[in-house]
Number of protein chains: 2
Amino acid sequence: MEKKKITFADIAAYTNFSKTTISRYFNNPDSLTLENQEIIAQALIDLDYQENKLAKVFANGKSEFVGIIIPNLYLHYYAEMLNQILNTYEKFGYKFLVFVGNHKKETEQQYIHELLAYKIEGMIVLSHTIPSEELASYHVPLVVIEREDKYVNSVSTDNYMGAVQGTSLLIKNNCDVLLHVNSPVAENVPAFGRIQGFLDTCAEHNIRHELILRDVGHSHQEIRKAMYEVYQYTKQNYPGLKKGLFLSNDTLANSMLNIIFRDFGTLPDDYRIIGFDDSPVADGAILPISTVGQQIDKIAYEAMELLVTLMNERKKRRPAPQTKLIHKNVTPVLIRRETTD
Amino acid sequence: MEKKKITFADIAAYTNFSKTTISRYFNNPDSLTLENQEIIAQALIDLDYQENKLAKVFANGKSEFVGIIIPNLYLHYYAEMLNQILNTYEKFGYKFLVFVGNHKKETEQQYIHELLAYKIEGMIVLSHTIPSEELASYHVPLVVIEREDKYVNSVSTDNYMGAVQGTSLLIKNNCDVLLHVNSPVAENVPAFGRIQGFLDTCAEHNIRHELILRDVGHSHQEIRKAMYEVYQYTKQNYPGLKKGLFLSNDTLANSMLNIIFRDFGTLPDDYRIIGFDDSPVADGAILPISTVGQQIDKIAYEAMELLVTLMNERKKRRPAPQTKLIHKNVTPVLIRRETTD
């Protein structure tokens, strides 16, 4: 089954050229006559020679590799983002070395160190473990997505605008009180915009509201327990009022909807629900859930396009240093389904 | 920002050794005295020299790259399988070049051709587009997961045993009639075992049953429509009987449960439901769904362990040709939740 490896010596023997001529064919073909180029090209086909791209990379430094560091693939958001980044292969031709971090900072640093040793041309980082100042110190073209980005280029959802859209819909649905349920979020990450957008929109419309920040855990059991407690709280504290619930993601929204639906056998008129992400769980819920849809395909494409620009600059004989960081925002899209009017 | 590249000449100048000595340090360190090795090692630190792994790969052919070809990342099953394969980095040290096929056969072939040119050491294939005979012709260590595997090594779930477990539970729940809903599946792919296991178990227990094979589409709308029609069919054809529904995956099971739950405001006693996969949609459903859980972590690990064995053999000076293909099965685990007794 093993295929015999074809060497330059084999090609030289087959064509009666010297090994130096064969080497020149690969590294500087125009130094040979067209006729001789064709003779060697035919020999490669006859001998079933397999191109060794690594040899080329070794010669010119262009590996066509991009590293992707992603926190997990459990959340649909990350799986779909990875999917969309990988899909750019047809457009840009870059191959992707993918690493899942799982919040292990040291393993992540070790992996990045390896990537750099393999002469990757650029990196896309979605994990939050390594501060952007450290990422910038790697001196490799780099774009982060939806995370702290003080010292690096980034593409993010316009979380603030998404929260404004979601909150405004609940206000138009004539809710008497609005509640935003979220985890505690640091102010320097883009997702904080969901909290700020909610608060600003409520203040602007002078509507009664409450921000509920709590750790909801990761397992379905933990999420169910947390959402059950929030539901009981809203029942006790806002009886007789129409409650608009804005959940920070669709998994929470689905869990909340299930709890209310099991209580009433339907979604009663005094509860309206909206999620965030447009993940499959929203559309597949007992009632398809209204949500703020992130344009993941667009975010992935913008990140890769920006990275390609940076990588191309780096390949020039005299690359211009980047004088100003680029931070792009992609506007989300409100998707109205059956949990709002 | 650009870091100056350190060359062998720089290291030679710094240490007062010749360039040949520096080169020997990298390619055959034991030819130098321990003392000289230490002097050069210290110089590398002083000069902040970055190892060029590609140079090493070029020298010894061990790229430490493994290619993964996956059909999509939309289905949780594939996202989680990829997650578990990538997680083996800590154990085995291999880096993964990941490609998502999306059923584009030619792009997939082109990508694999590129991978081979980059001297990947092995490949894990989950997509179904390329027949195993063609995969075998690439002459690279290769393991496929859960697909047609006539000419290649493979790891799959024991689908037959999973179907036996699920069907047996519905029989123990005293169902009067059992229905298995699936897409049309070719007999040479492992998933066909779900159909065969269902039919054999029903025949063995001499229980009334029906196999419903139909294309259910991919979007939630299409799936909802298909499941609604199946639900109406069971109502009309088996009135007054306790119906045990065995769905071929959890997305179908969730959609079916939602339709029945919306009709009755609960899951009535004359319907029992079981899915397949143990994806998050099963645990996050309006009633947590009983399911046949695939041990994705174990499948991923077994596949990678087998591939590492094959790759190590290939690195020997005289690799032994593989005389017999290996096909491993991993037994699934029945998970009882609230849609069965």
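**Close-up views of a predicted model**

**View 1. Domains of chain A.** Chain A is assigned domain 1 (1–47), domain 2 (65–157 + 297–331) and domain 3 (159–294); the bounds come from an automatic or database domain assignment. This is a predicted model: local features need pLDDT of at least 70, side-chain atom pairs count only at pLDDT 80 or more, and totals for chains, interfaces and linings use all residues. Residues are numbered from 1 along each chain as its sequence is written, while chains are lettered from A and ligands numbered from 1 in the order in which they are written. Between the C-alpha centres of domain 1 of chain A and domain 3 of chain A lie 66 Å.

View 2. V140(A) sits in the loop between α8 (132–136) and β4 (142–145) of chain A. Helices (H or I, at least four residues) and strands (E, at least two) are DSSP runs, numbered from the N terminus. V140(A) counts as buried because 21 other C-beta atoms lie within 10 Å. The cut-offs are 20 or more for buried, 12 or fewer for exposed, and partly exposed in between, with C-beta atoms placed from the backbone. Beyond its neighbours within four places in sequence, V140(A) is in contact with L116(A), I120(A), G122(A) and M123(A). Contact means C-beta atoms, placed from the backbone, within 7 Å. R314(A) is 174 residues from V140(A) in sequence, yet 8.9 Å away in space, C-alpha to C-alpha.

**View 3. Packing of α11(A) on α12(A).** Helix α11 (residues 220–237) of chain A packs against helix α12 (residues 250–264) of chain A at about 60°, with axes 9 Å apart. Axes are lines fitted to C-alpha atoms, for helices over the stretch in contact; angles run from 0 to 180 degrees between N-to-C directions. The angle makes α11(A) oblique to α12(A) (under 35 degrees is roughly parallel, over 145 roughly antiparallel, 65 to 115 roughly perpendicular, the rest oblique). On the α11(A) side, I223(A), R224(A), M227(A), Y228(A) and Y231(A) take part. Their partners in α12(A) include L252(A), M256(A) and I259(A). The contact residues divide into 8 nonpolar, 2 polar and 1 charged (Ala, Val, Leu, Ile, Met, Phe, Trp, Tyr, Cys and Pro are nonpolar; Asp, Glu, Lys and Arg charged; the others, Gly among them, polar).

**View 4. Crossing of α9(A) and α10(A).** The axes of helix α9 (residues 159–172) and helix α10 (residues 192–204) of chain A come within 7 Å and cross at roughly 45°. The two helices, α9(A) and α10(A), are therefore oblique to each other.

**View 5. Helix α5 of chain B.** Helix α5 (residues 76–86) of chain B is mostly covered, with 11 of its 11 residues buried. Among them are H76(B), E80(B) and L86(B).

Terms used: Two residues are in contact if their C-beta atoms, placed from the backbone, lie within 7 Å.
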